[in-house]
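Thanks for coming. I'll take a few minutes to walk through one model, and the sequence and structure are coming up on the screen now.

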Amino acid sequence: MTTSFSIGQLASAAQTPAATIRYYEKIGLLSKPSRTDSNYRLYDTEDLNRLAFVRRAREIGFTIDQVRSLLAFSDQRDADCCTVTAMTSEHLRAVEQKIADLLALKDQLTGLLASCQGGPVANCRIIDALQPRA
């Protein structure tokens, strides 16, 4: 016997808003569900598992296109995973670059705050640092 879910039940089970589920259907990450006689969407356990996969991949920062590729690879269980590994390595490098950029931004903001001596805005070092250079 197959378990069936309404969109609300699927959304609750997958902790994903119904609007997101409809969007994923629209862009093809989830297949179009069957419909009841009343035209309500009807999902099964396979849809729940696929949605959980998409949600987890998005949580760790994969783009929609990357998720689409990962789904395609997950459907090819006997294929070599070197492409998946390469994609994940590339994603990790991008995350590491973002971390480096954020640390540099943190240093700049820390420096700006350290330069602040209080007083009137006319003498504010932070505002001065943001002004265009002449």
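Let me start at Ser 4, which stands opposite Asp 44 in strand E3. This is a predicted model, in which local features need pLDDT of at least 70 and side-chain atom pairs count only at pLDDT 80 or more, while totals for chains, interfaces and linings use all residues. Residues are numbered from 1 along each chain as its sequence is written, and side-chain values use heavy atoms, with hydrogens and water left out.

On to the strands. Helices (H or I, at least four residues) and strands (E, at least two) are DSSP runs, numbered from the N terminus. E1 and E3 run antiparallel and are joined by two bridges; strands count as paired if DSSP finds at least two bridges between them. Strand E2, residues 34-35, also pairs with E3 in the antiparallel sense, over two bridges. Ser 34 has Leu 42 in E3 as its bridge partner. Five residues sit between the strands in the hairpin of E2 and E3, and there Asn 39 takes a positive phi near 75 degrees.

Next, helix H1, residues 7-14. Which of its residues are buried? They are Ile 7, Leu 10, Ala 11 and Ala 14. Buried here means under 20% relative accessible area, exposed means over 50%, and partly exposed is in between, with a 1.4 Å probe and protein chains only. Seen down the axis of H1, its buried residues fall within an arc of 100 degrees, so they line one face of the helix. That arc is taken from the directions from the helix axis to the C-beta atoms. The cover over these buried residues includes strand E1 (4-5), H2, E3 and H3. After H1 comes Gln 15, with a positive phi near 50 degrees.

Now the core. A nonpolar core is a set of buried Ala, Val, Leu, Ile, Met, Phe, Trp, Tyr and Cys residues joined through side-chain atoms within 4.5 Å. The largest one has 20 residues, and those with the most contacts inside it are Leu 10, Ile 21, Tyr 24, Leu 29, Leu 51 and Val 67. H1, H2, H3 and H4 are the elements that give two or more residues to this core. Take Ile 21: leaving aside neighbours within four places in sequence, its contacts (heavy atoms within 4.5 Å) include Ile 7, Leu 10, Tyr 43 and Leu 51.

Last, the charged pairs. A salt bridge is a side-chain nitrogen of Lys or Arg within 4 Å of a carboxyl oxygen of Asp or Glu, and by this rule there are four. One joins Glu 25 and Arg 41, at 2.9 Å from N to O. Glu 25 lies in helix H2 (residues 18-26) and Arg 41 in strand E3 (residues 41-44), so the pair ties together parts that are 16 residues apart in sequence. Glu 25 is buried at 3% relative accessibility, and Arg 41 is partly exposed at 21%.

Another is between Arg 50 and Asp 75, with the closest N and O atoms 3.8 Å apart. Arg 50 is partly exposed at 26%, whereas Asp 75 is exposed at 54%. Within helix H3, Glu 59 and Arg 56 are three residues apart, or about one helical turn, and form a salt bridge at 3.5 Å. A network of salt bridges links Arg 55, Arg 56 and Glu 59.
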